[in-house]
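Subject: Structure handover

Hello,

The structure you asked about is below, with its sequence. My notes on it follow.

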Amino acid sequence: MPTQSTVILGTGSYAPERILTNEDLSKMVDTSDEWIRARSGIRERRIAGPEEATSDLAVEAARRALQDSGVAPGEIDLIVLATVTPDYPMPSTSCIVQHKLGIPTTAACFDINAACSGFIYALDTGCAMLSSGRYKKALIIGAEKLSSVVDWQDRGTCMLFGDGAGAVVVGLSETAGVGLIGTKLGALGEDTDLLFIPAGGSRMPTSAESIARGDQFIKMKGKEVFKLAVRVMEEAARDILEQHGLAAHQIDLVIPHQANLRIIDAIAQYLELPVERFFVNVDRYGNTSAASIPIAMDEARRSGRIKKGDLTLLVAFGAGLTYGSALIRW
Ligand code: COA
């Protein structure tokens, strides 16, 4: 039996309505629009309301992806949802999304935590499951309500993150050489403490003391993360290109994880690609972790930056530290 390709049939994204600008932030912590823009390229981010959880953002993005693909909820037999801000520690947010969308109870549903590389991990996992022949159509989602784990008194982190969701519908195609043509995943487990949430897991269950210390919030060593991010993203991009006998200039569009414009600029420089070849929306959303790449991919498609036949490179890094890259032929 010839191997079938796994192709993206539709994309969708959703960001909450409320915009928090740098100017707004400067009234909350000792910072300025100028500082944030110069260090990160971020101008504003979206913040979900108290009544909105990660699954609500995910459902909206998934609805749009389903509509774009023409696939009915009843046809989905797999949901893989990447997040570090699930609705609950248990059960998985994917089950909540399944129910809200009316996806059949015969669908397999689970979450993946690979932080900001989560969408690429989820895409690789979902596509591998489709390629096994045991599943036909998958919803792959990246969704986050990072505002719920950000310390709004820590000026070193609070300006970076935002809320949102992106989704793709993936199916099988008989056409060879299209869709997901390769991935490269990895992790630097020795660097876990550079970016993490100390409390709320089995190592440090939430307690009055942990809350008093603010250990339920993101802790980050920004400078170290920055340096590693540039190195691992460049390597992940180079490795996948080499694996597939491609040169960087053959990529029509790079969709990098949207963490910091300076990180994106540095990677463009190292790969010797013009920065115009990179899709950038970090200025409008900040870092939405697992949602960042699918939101960017959806915007790139809908704005005509991706055309049939184009080759797109996805590349990400995140807490873990995880990293991943993927090549997609449209
Ligand atoms: N406004 C004003 N000043 C701030 C500030 C803010 N929001 N945040 C930090 N500062 C201060 C620091 O306190 C420090 O002051 P000091 O020198 O008196 O101690 C100074 O600005 C420089 O801070 P530094 O951390 O050296 O800045 P930086 O150039 O490394 O930029 C980041 C900070 C966070 C923007 C940058 O390190 C970064 O983006 N790192 C990667 C983070 C990331 O991508 N995380 C997600 C991974 S998926």
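Notes on the loops, core and charges

Pro 91 sits in the loop between strand E4 (78–82) and helix H4 (93–101). Helices (H or I, at least four residues) and strands (E, at least two) are DSSP runs, numbered from the N terminus. This is a predicted model, in which local features need pLDDT of at least 70 and side-chain atom pairs count only at pLDDT 80 or more, while totals for chains, interfaces and linings use all residues. Residues are numbered from 1 along each chain as its sequence is written, and side-chain values use heavy atoms, with hydrogens and water left out.

Backbone

Pro 91 is joined to Met 90 by a cis peptide bond, with omega about 5°. Another cis peptide bond joins Gly 320 and Leu 321, with omega about -10°. Leu 321 is in the loop between strand E12 (311–318) and strand E13 (322–329).

Ala 115 is not a glycine, but its phi is positive, about 50°. Ala 115 belongs to the loop between strand E5 (108–112) and helix H5 (118–131). Is Ala 115 buried or exposed? Ala 115 counts as buried because its relative accessibility is 7%; buried means under 20% relative accessible area, exposed over 50%, and partly exposed in between (1.4 Å probe, protein chains only). Glu 272, also not a glycine, has a positive phi of about 55°. Glu 272 lies in the loop between helix H9 (261–270) and helix H10 (282–285) and counts as exposed, at 72% relative accessibility.

Core and a covered helix

A nonpolar core is a set of buried Ala, Val, Leu, Ile, Met, Phe, Trp, Tyr and Cys residues joined through side-chain atoms within 4.5 Å. The largest one here has 47 residues, and those with the most contacts inside it include Ile 251, Phe 278 and Leu 327. H8, H9, E12 and E13 are the elements that give two or more residues to this core. H8 gives the most, with 10 residues.

Helix H11 (residues 292–302) is mostly covered, with 9 of its 11 residues buried. Among them are Ile 293, Met 297, Asp 298 and Glu 299. After H11 comes Gly 304, with a positive phi near 85°.

Charges

How many salt bridges does a search of the whole structure find? It finds 13, where a salt bridge is a side-chain nitrogen of Lys or Arg within 4 Å of a carboxyl oxygen of Asp or Glu.

One of them joins Arg 37 and Asp 33, at 2.8 Å from N to O. Both residues are in helix H2 (residues 33–40), 4 residues apart, about one turn of the helix. Arg 37 is partly exposed at 33% relative accessible area, and Asp 33 is partly exposed at 24%.

Glu 60 pairs with Arg 63, their closest N and O atoms being 3.6 Å apart. Because they are 3 residues apart in helix H3 (residues 54–69), about one helical turn separates them. Glu 60, Arg 63 and Arg 64 are linked in a network of salt bridges.

Asp 193 and Lys 221 form a salt bridge too, with 3.4 Å between the closest N and O atoms. This pair links distant parts of the chain, 28 residues apart: Asp 193 is in the loop between strand E8 (179–187) and strand E9 (195–196), and Lys 221 is in the loop between strand E10 (219–220) and H8.

Regards
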